[in-house]
Amino acid sequence: MISRVFRLRMWAPVGVLTSLTYCLHQRRVALAEPGGADDQNPVDRSLLELKMVQVVFRHGARSPLKPLPQEDQVEWKPQLLEVPPQTQLDYIVTNLAGGPKPHSPFDSQYRETTLKGGMFAGQLTKVGMEQMFALGERLRKNYVEDIPFLSPNFNPLEVFIRSTNIYRNLESTRCLLAGLFQRQKEGPIVIHTDEASSEVLYPNYQYCWNLRKRTRGRRQAASLQPGISEDLKKVKEGMGIASSDEVDFLVLLDNMAAEQVHNLPSCPTLKRFAWMIEQRAVDTAMYILQWEDREGLQMAVGPFLHILESNLLKAVDPATPPSKTRKLYLYAAHDVTLMPLLITLGIFDHKWPPFAVDLTVELYQHRESKEWFVQLYYRGKGLSQDVTPDCEACLEVNDEVFGR
């Protein structure tokens, strides 16, 4: 265990991230900006050596999870599933112990819903594959070309990959890796998954009884909240959806976002109220999550944050054998993962996490002082101070999320 406080780089938020970067429960964290007027110890970035990168990303664009109850529905044709040649790459899926791939109950459920046009619900499309390939190319530029950190070809000794056991996420990971390593590999690509009953890469409402009990009824109650209720009525009336139909802003946004990214003809009402629909979907999700409910956040995203924390701890521990760490950790997750993760870290921008979005955590070590530094990126950009929360308030949340 190191004795120095980790310093947070480039507007990095404190709070949970201070625990994530092992500030050892100190109540003081410096936000070090190179050459800043208030920086007592400016850091020469040329003396920082990149040691590890962790990327949490949402899958690429897909078909909706639930169709809207309208007579004139958008057609989701199988042609949208064409696989771009540059994304093709072989991979193996195992459980976390390296055994056979677990059964995916979600994929079975998605296949029970056939959309107009013939596609199933939640299928990764050509657009989504291209999005993930582009994300892989961006990571290649960052960590292969601009900084010679990763090998140009996939090396299983450098990269650990984990995904939720849902086909669109596995395929999204394939496309990302194809872009990152240009389909070149020096060993088998293994994607690790977990059983649905113990998955922690998303808030596990189905199998975590306490979390389910805590959030029970909140989605329905959210649609009845002042403001949300009136706006939902306005949109449903404009779309000709009966008030009795179980359609909320989460369903509306899911369909709207999928239709827009594929340039499909959305309902005029969806286009007219696009901004409001996204904002009300965020409001609905925030009501369900109850971000001030610390125990709820702990159950929703704490186990996943603990994984990210453990990776950092191993990386900074000189006693850790090289075989027990990787240069790059990839985690294929979902919007319902990223939203509570961003909320917990104090960096949520009140916008719905789009398809193929990524949250990247970089770990650096100073070549001379041997101090450790962390830099955060969301959507490929360093985080700005306007989303940095109050330090003291976040530090109060810190121990709660990890159950300390």
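Student: Which residues of H10 meet Met-339, Pro-340 and Ile-343 in H12?

Tutor: Contact means heavy atoms within 4.5 Å. In this predicted model, Ala-285, Met-286 and Leu-289 of H10 meet those three residues of H12. Helices (H or I, at least four residues) and strands (E, at least two) are DSSP runs, numbered from the N terminus. By class, the contact of H10 with H12 has six nonpolar, no polar and no charged residues; Ala, Val, Leu, Ile, Met, Phe, Trp, Tyr, Cys and Pro count as nonpolar, Asp, Glu, Lys and Arg as charged, and the others, Gly among them, as polar.

Student: At what angle do the axes of H10 and H12 cross?

Tutor: Axes are lines fitted to C-alpha atoms, for helices over the stretch in contact, and angles run from 0 to 180 degrees between N-to-C directions. The axes of H10 (residues 274-289) and H12 (residues 335-345) cross at roughly 70° and come within 11 Å. That makes H10 roughly perpendicular to H12. Angles under 35 degrees count as roughly parallel, over 145 as roughly antiparallel, 65 to 115 as roughly perpendicular and the rest as oblique.

Student: How do H8 and H10 pack?

Tutor: The axes of H8 (residues 249-261) and H10 are 8 Å apart, at an angle of about 135°. H8 is therefore oblique to H10. Their crossing is left-handed; a crossing is so named if the near helix is turned anticlockwise from the far one by less than a right angle, and right-handed if clockwise. Among the residues making this contact are Phe-249, Leu-253 and Met-256 of H8 and Ile-277, Ala-281 and Ile-288 of H10. By class, the contact of H8 with H10 has 11 nonpolar, two polar and two charged residues.

Student: Why is H12 described as largely enclosed by the rest of the structure?

Tutor: The description holds because 10 of the 11 residues of H12 are buried. The buried residues include Asp-335, Thr-337 and Leu-345.

Student: Which residue takes a positive phi just after H12?

Tutor: Most residues other than glycine have a negative phi. Just after H12, Gly-346 takes a positive phi of about 80°. His-350, a residue other than glycine, also has a positive phi, near 65°. His-350 lies in the loop between H12 and strand S8 (358-366) and is partly exposed, with a relative accessible area of 43%.

Student: Where does Lys-370 lie?

Tutor: Lys-370 is in the loop between S8 and strand S9 (372-378). Its phi is positive, near 65°, and at 47% relative accessibility Lys-370 counts as partly exposed.

Methods. Residues numbered from 1 in each chain as written. Predicted model: local features only at pLDDT ≥ 70, side-chain atom pairs only at ≥ 80, totals over all residues. Heavy atoms only, no water. Buried < 20%, exposed > 50% of the residue type's maximum accessible area, 1.4 Å probe, protein only.
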